Structures are given as C-alpha cells and as structure tokens.
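This report describes one protein model. The sequence and the structure come first, and notes on selected elements follow.

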Amino acid sequence: MIYKIANIGISLAALSLVTFSSLAIAEQQEVIKLATTTSTENSGLLSAILPTFEQESGYKVQVIATGTGQALKLASQGDVDVVMTHAPDAEAKFVADGFGVQPRGIMENDFVLLGPKDDPAGLHTAQSVIAAFKKIAAKPSGFISRGDNSGTHMKELAIWQQAQVKPDFVGYTAVGQGMGKTLLMANELQAYTLADRGTFVAYKAKLDISISFQGGAELANPYQIILINPEMYPELNHAGAQALSDWLISPKTQQMINEFSVQGEQLFKATYQQ
C-alpha cells in the first residue's frame with residue numbers, strides 16, 4: 001500500500017513537472033524579442049502600433065532599443081528573434097554574412113542637421129549636406145555625435161568621409177548615447193547634431209535648436225525589418241518573428257505608419273513594395 005502511494009506521488013510530481021515545463025515553453029514562445037534603433041522607440045512609433053499587433057496575434061513584443069550596430073550584433077549572436085534598423089550598408093553585410101534573411105523595407109523618413117537658431121556656421125546657405133558639414137568643421141562649431149555605432153552615427157561618419165573632414169576638430173564631441181539624449185545634450189550646449197526627423201519632431205517641444213539644413217538624397221533614412229536565419233539559430237521564435245514582419249508590411253499597418261504623427265507632423269512614410 002505504501003509502495004502504491006509512493007508511486008502515485010512520484011507520478012503526480014512528474015506530471016506537474018511536465019505541465020510546468022510545457023507552460024514555460026508556451027510562455028517563452030509568446031514573446032518576440034525585437035532589437036531596433038532608438039529612433040523607432042524615442043519617436044513613439046512602436047508604442048503607437050505594437051499594442052495592435054499584440055492584441056491581434058497573441059504575441060508579446062519585447063523591444064530592445066539600441067543603436068543599429070548593437071542591434072545587428074545582438075541579432076548575429078542569436079540573442080533576439082528579429083531586427084529592425086536603418087543602416088543599409090550594415091544590413092546588407094548582415095544578410096550577406098548569413099545572419100539575416102528576408103529583409104523588407106517598411107518605411108522611411110530623413111535625417112536633418114540641427115543647430116542653434118542663430119546658425120553661427122551659416123549652414124542655411126550650404127548647397128548640400130556635405131558642404132554644411134565642411135562649414136561646421138571650418139568654423140569650428142560645436143557638434144554632438146551619437147558616437148554609438150548607430151545608424152545615425154554611421155550616416156554621420158559617411159558624410160564626414162564624403163566631406164573629407166576628420167571629425168576630431170575642436171568642438172566635436174561623441175557622447176555614446178541614443179537619439180533622445182543626444183538631442184538634449186546638443187540643446188544644452190547649443191551645438192549642431194545630426195538626427196532622424198522622427199525623433200526630432202517627437203522632442204521638438206523640449207528643444208531650443210532648429211533645423212539648420214535638410215533635403216537631398218544623402219539624408220534619406222530607410223528602415224528594414226530582417227528575420228534571423230533559422231538555420232543558424234533554430235531555437236529562436238521564428239514563427240513570431242515572421243508574424244511580426246508580415247504584419248508590418250500589411251496594408252493596414254502601412255496605413256498606421258503613415259498616419260502616425262506628433263504635433264500634427266507625419267514622422268514616417270510607409271514604403272513596403274512587393
């Protein structure tokens with residue numbers, strides 16, 4: 001009798017363990033880890049649209065907002081399920097190296113060069129962003145760089161290279177921060193900085209700096225969502241990542257992206273094309 005009771009106890013314990021493990025796996029599968037740039041987070045876009053996806057799909061999206069370089073690094077290590085960034089050259093290498101699959105362009109905005117309202121370097125007369133950067137270095141004027149290997153930082157370094165200027169002049173400061181904090185520091189120091197338009201509009205009410213230069217193909221800012229290669233990391237939540245990617249390119253979500261605005265200004269333009 002005692003033997004039977006002991007066996008029943010062991011069976012119940014084993015059943016509880018199996019049930020607990022199943023629930024833990026199910027709960028894990030419901031989370032999608034999304035590594036993305038701080039601009040999509042700081043602008044308020046993700047907070048505006050992701051609750052709809054979560055409600056419709058049953059998945060929970062865990063957003064890891066960081067620079068594009070760090071986001072792609074996390075993805076290449078298999079630490080996240082999907083990545084959404086804005087550095088075309090780095091993204092192309094990520095896919096070519098076998099870490100990413102199914103890159104999809106989902107939206108764009110543009111970069112703007114911000115600075116003190118009295119524009120001491122005279123950027124309003126520049127014929128291109130390259131000429132504007134040369135004026136900043138020639139003055140020299142204060143310039144706050146994100147310095148965090150983000151998509152914005154990569155774009156800034158590419159423009160300095162095109163301008164044939166080494167960014168080590170007096171007044172150049174790399175802060176290693178996200179877009180929001182970089183804007184606040186540029187505002188505090190009344191310095192120039194490069195920002196994505198979406199985050200600038202979201203922060204504009206807090207700032208006493210304005211657009212010193214805008215426009216031109218060099219300042220285009222496209223965003224892509226890229227899945228992680230399942231052959232490299234089969235344990236990731238690929239079903240959830242695919243569901244999120246499919247949802248972002250749907251006509252309904254593309255319309256939500258177009259309609260997202262702050263203070264009456266549209267921040268992103270949906271761009272997905274089959």
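In α4, which residues are buried? T68, G69, A71, L72, L74, A75 and S76 are, where buried means under 20% relative accessible area, exposed over 50%, and partly exposed in between (1.4 Å probe, protein chains only).

## Basis of the values

This is a predicted model, in which local features need pLDDT of at least 70 and side-chain atom pairs count only at pLDDT 80 or more, while totals for chains, interfaces and linings use all residues. Residues are numbered from 1 along each chain as its sequence is written, and side-chain values use heavy atoms, with hydrogens and water left out.

## Overall figures

The protein has eleven helices and twelve strands. Helices (H or I, at least four residues) and strands (E, at least two) are DSSP runs, numbered from the N terminus. Of the 274 residues in the protein, 46% are buried. The accessible surface comes to about 13,300 Å², and 55% of it belongs to carbon and sulfur atoms; areas come from the Shrake-Rupley method with a 1.4 Å probe, and for residues only the protein chains shown count as cover.

A contact means heavy atoms within 4.5 Å. Among contacts between residues at least 6 apart in sequence, 74% join residues at least 24 apart.

## Helix α4

Helix α4 covers residues 68-76; seven of its nine residues are buried, so the helix is largely enclosed by the rest of the structure. Its buried residues pack against β1, β2, β3, α5 (88-96), α7 (151-162) and β9. After α4 comes G78, with a positive phi near 75 degrees.

## Strand β1 and its partners

Five of the seven residues of β1 are buried, so this strand is also largely enclosed by the rest of the structure. Two strands pair if DSSP finds at least two bridges between them. Seven bridges connect β1 with strand β2 (residues 60-66), and the two run parallel; A35 stands opposite I64 in β2.

## Helix α10

Helix α10 holds twelve residues (238-249), and at 1.5 Å a residue it should span 16 Å; its end C-alpha atoms are 17 Å apart, which agrees. The expected span is 1.5 Å times one less than the number of residues. G240, A241, L244, S245, W247, L248 and I249 are buried in α10. Their cover includes β1 (31-37), α3 (45-57), β3 (82-85), β4 (100-116), β9 (220-228) and α11 (251-259).

## Aromatic rings

Rings of Phe, Tyr and Trp (its six-membered ring) pair if their centres lie within 6.5 Å; planes under 30 degrees apart count as stacked, over 60 as edge-to-face and the rest as tilted. The count by this rule is eleven aromatic pairs. W160 and F169 form an edge-to-face pair, with 5.4 Å centre to centre and 65 degrees between the planes. W160 counts as buried at 1% relative accessibility, and F169 is buried at 12% relative accessible area.

W160 also pairs edge-to-face with Y172, at 6.1 Å centre to centre and 75 degrees between the planes. W160 lies in helix α7 and Y172 in strand β6 (residues 172-174), so the pair ties together parts twelve residues apart in sequence. F133, F143, W160, F169 and Y172 form one aromatic cluster.
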